[in-house]
Amino acid sequence: FFRVVPSDEDQSYAFMALLKEMNWNHVNILFEDSNYGIKLFDAMSLRLESEPDYCVDTVAKIPLEDTRTDTGVYLEMISHMFPDSNTDSSDTHQVVLMFAQAQSARVVIDAAVNLSLADRIIWIGSDGWSEKPEVIHNREEALEGAITVLPLSNPVVDFERYFS
């Protein structure tokens, strides 16, 4: 068996290059409690640790399965990034790296919308939710300006023909 997708190292490299290019040296990291989320978080953490000018303000693990219906978990996760949310600080934005699959990303984004904080978040997303319609649909305004990564891929005609 061969892995046919880029490693998490590649995504973390892309995220770090983006942070440097945009001069965003304070970030928040939300990662799914899954093999995918944890490995990507670990790769990004190593990269950030090697860069003394970068600070991780908040780290939160997105729970899986049973707790997806408990919106309080997600509301607390988002509100923790905005301790000033009771004041008029609408010019304060947070950069959020979110390493998650579509279903987890959707509930986190919905929590930000419910708290009226989505417009203060600069979402940076992993390939797990980057081009999933179920995440974007009805959340277009909340995700405006989001930056996500997706591995470059080209269709392999013979592969498609073989399986059709």
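In this predicted model, E9 forms a salt bridge with R47, and the closest nitrogen and oxygen atoms of the two residues lie 3.1 Å apart. Because E9 belongs to helix α1 (residues 8–22) and R47 to helix α2, the pair ties together parts of the chain that are 38 residues apart in sequence. E9 counts as partly exposed, at 40% relative accessibility, and R47 is likewise partly exposed, with a relative accessible area of 22%.

Helix α2, which carries R47, leads on to the sheet, since the helix, spanning residues 35–49, lies across β1, β2 and β3 and runs at about 155° to β1. The sheet itself is open and consists of five strands in the order β2-β1-β3-β4-β5, with parallel pairing. At its edges stand β2 (55–62) and β5 (147–148), each of which has a single partner strand, so that one side of each is left without a neighbour in the sheet. In general, the strands of a sheet pair through backbone hydrogen bonds, in either a parallel or an antiparallel manner. Here, strand β1 (residues 26–32) and strand β3 (residues 94–99) run parallel and are joined by four bridges; as for individual partners, N28 has V96 as its bridge partner in β3. Helix α3 (residues 71–79) also lies across strands of this sheet, namely β1, β2 and β4 (121–125), and runs at about 175° to β2.

Returning to the charged side chains, a search of the whole structure finds four salt bridges, among them the pair of E9 and R47 described above. Another is formed by the side chains of R139 and D110, which meet at 2.7 Å, nitrogen to oxygen. This pair also links distant parts of the chain, with R139 in the loop between α5 (133–136) and β5, and D110 in helix α4 (residues 102–114), 29 residues apart. With regard to accessibility, R139 counts as buried, at 12% relative accessibility, whereas D110 is partly exposed, with a relative accessible area of 28%.

A further salt bridge joins the side chains of D158 and R161, with a nitrogen-to-oxygen distance of 2.8 Å. These residues both lie in helix α6 (residues 157–162), and because D158 and R161 are three residues apart there, about one helical turn separates them. Both D158 and R161 are exposed.

How values were computed: Residues are numbered from 1 along each chain as its sequence is written. This is a predicted model: local features need pLDDT of at least 70, side-chain atom pairs count only at pLDDT 80 or more; totals for chains, interfaces and linings use all residues. Side-chain values use heavy atoms; hydrogens and water are left out. Two strands pair if DSSP finds at least two bridges between them. Helices (H or I, at least four residues) and strands (E, at least two) are DSSP runs, numbered from the N terminus. Contact means heavy atoms within 4.5 Å. Axes are lines fitted to C-alpha atoms, for helices over the stretch in contact, and angles run from 0 to 180 degrees between N-to-C directions. Buried means under 20% relative accessible area, exposed over 50%, partly exposed in between (1.4 Å probe, protein chains only).
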